[in-house]
Amino acid sequence: MATAIRQNPYSHNWATFAANTGDHELSVIFDNGDYRHLRMSKPGMLAWHWEIFTAPGYLAFVGDIGVQLIFRRTTDMLGFFNTRNYGDIYGDGSPFINPGYWEEKAGPDMQSVTRTFDVDHAVDVVRDAVNELVDCDEVRAEVGDELIASARDAANLEPNAQSFGAWLYESEHLSALASEAEVEIFHPQFLNTCFALATIANRYADYSDEEES
């Protein structure tokens, strides 16, 4: 078994993606310089398939999975998502992905489709902050426990970032978190998009190497 260089922060998401796409093959539908149309799918099936269309400076992602987006950054956007040089960086077969950076290349104000509020993550953010307050003797341990319990109640009552931020702002001890805490996580479908982009870019790089040999 390969030794992981880094811990995969999206291992659960990758396991689901890999289980559903392990038999996919690359179809090169059109390939002319920076103009390309590629598809990844299991032969004879469209479930969990995806396609990309590229033009100089643009890459459009569509398919049965992920979030349909248009990315803009460099002339060769397929090469932009090629992470083959990282190898098996996590030791689980997952390609390297950079969701935060790639999200930016889909344009401003895309977090409504690339991120989602997560109750457990929001409570963990509060728990970390509360532990620091307790360690610094700014609140008693029992008060800290009450804050964590209240945070979970608030997150479950109105599970969205705006409402949870308002709860933080009104908190006597946690108001500073309201403007700085990141209580959302990457949406699983956006992570699927990232996995799909890296997979098809890396597979196309392999295909190009074979064509040139």
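How many helices and strands are there in the chain? I counted eight helices and seven strands, taking helices (H or I, at least four residues) and strands (E, at least two) as DSSP runs numbered from the N terminus.

Before going further I noted that this is a predicted model, in which local features need pLDDT of at least 70 and side-chain atom pairs count only at pLDDT 80 or more, while totals for chains, interfaces and linings use all residues. Residues are numbered from 1 along each chain as its sequence is written, and side-chain values use heavy atoms, with hydrogens and water left out.

**Overall layout.** Taken along the principal axes, the C-alpha atoms of the chain fill a box of roughly 70 × 40 × 30 Å. Of the 213 residues, 40% count as buried (buried is under 20% relative accessible area, exposed over 50%, partly exposed in between, with a 1.4 Å probe and protein chains only). I also looked up contacts (heavy atoms within 4.5 Å): among those between residues at least 6 apart in sequence, 58% join residues at least 24 apart.

**Helix 5.** I found that helix 5 (residues 119-135) has 17 residues and reaches 24 Å from its first C-alpha to its last, close to the 24 Å expected at 1.5 Å a residue (the expected span is 1.5 Å times one less than the number of residues). Its buried residues are Val119, Ala122, Val123, Val125, Val126, Ala129, Val130 and Leu133. They lie on the same side of helix 5 because they cover an arc of only 155° around the axis, the arc being that of the directions from the helix axis to the C-beta atoms. These buried residues pack against strand 6 (115-117), helix 6 (141-157) and helix 7 (161-170), whereas Asp128, Glu132 and Asp135 are exposed on the other side of helix 5.

**Thr21.** Not counting residues up to four places away in sequence, Thr21 touches Trp48 and Trp50.

**Largest pocket.** I noted a volume of about 160 Å³ for the largest pocket. A pocket is an open set of points on a 1 Å grid over the protein atoms alone, where a 1.4 Å probe fits, with protein on both sides within 12 Å along at least five of seven lines, and lining residues have an atom within 4 Å of a point. Among the lining residues are Trp14, Arg84, Phe96 and Asp206, and the largest share of the lining, four residues, comes from helix 8 (residues 188-212).

Conventions. Points joined across faces, edges and corners; volume = space filled by probe spheres on them.
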